[in-house]
Amino acid sequence: MSKLLIASSLSLVLAACGNTDSGDEDLTPETDQTEDTETAEDTDTVEETEDTEESEENESDTDSEEASDEDVSDDDMASADEEELESAENVSDHEEYEELSAQDFFNPDDYTSHLVVDNPGKRIFVFEDDGQQAYKTIYIKKTNRLKIIDLKNDGLLMNEIID
């Protein structure tokens, strides 16, 4: 029985060592091949990690309103800077903006309104009273979420889905 076991083991070892393709033999010692392979694998891993990080950053940039749909960030709570207000569109007719009529915290007609952002994802208004920013509305279009921020008192008045 032991002779049979030894013969089987020996035939497996010889079969594994045998190479029928002798024309493309790599004569590099085995340790060098391993190091080269590990280095190539490390480089591939680093590149994959960098690609993943870049794609995650791009996703977070483009989908930031979705990622923070319910959350209220520091950017949401912040007043608009002068550049944003200068480049913003002044709006006097608020009837076409459904989110403004869905809230009852302030009357938009009593304020100077600036449409700061209006893209497929969200719309942001800043309302001024005598040159001082009073309210900010952030409307997330995909989910119909409306956030209203009181800029004078630095408080969140509303963060709800509207109909």
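**Close-up views of a predicted model**

**View 1. Confidence along the chain.** In this predicted model, the protein averages a pLDDT of 77, and 61% of the residues score at least 70. The pLDDT is below 50 over residues 49–67. Beyond near neighbours in sequence, that stretch has five contacts in the model.

View 2. Leaving out residues up to four places away in sequence, Ala 78 touches Lys 136 and Leu 151. Lys 136 is 58 residues from Ala 78 along the chain, yet their C-alpha atoms are separated by 8.9 Å.

**View 3. The largest nonpolar core.** This core has 15 residues. Phe 125, Phe 127 and Tyr 135 have the most contacts inside it. Strand S3 (122–129), strand S4 (132–140) and strand S5 (145–150) each give two or more residues to the core. Which strand supplies the largest share? The largest share comes from S4, with three residues.

**View 4. Contacts of Phe 127.** Neighbours within four places in sequence are set aside here. Phe 127 is in contact with residues including His 94, Leu 100, Phe 106, Pro 108 and Tyr 111. Gln 132, Gln 133, Ala 134, Tyr 135 and Thr 137 are also among the contacts of Phe 127.

Key. Residues are numbered from 1 along each chain as its sequence is written. This is a predicted model: local features need pLDDT of at least 70, side-chain atom pairs count only at pLDDT 80 or more; totals for chains, interfaces and linings use all residues. Side-chain values use heavy atoms; hydrogens and water are left out. pLDDT is the predictor's confidence in each residue, from 0 to 100. Contact means heavy atoms within 4.5 Å. A nonpolar core is a set of buried Ala, Val, Leu, Ile, Met, Phe, Trp, Tyr and Cys residues joined through side-chain atoms within 4.5 Å. Buried means under 20% relative accessible area, exposed over 50%, partly exposed in between (1.4 Å probe, protein chains only). Helices (H or I, at least four residues) and strands (E, at least two) are DSSP runs, numbered from the N terminus.
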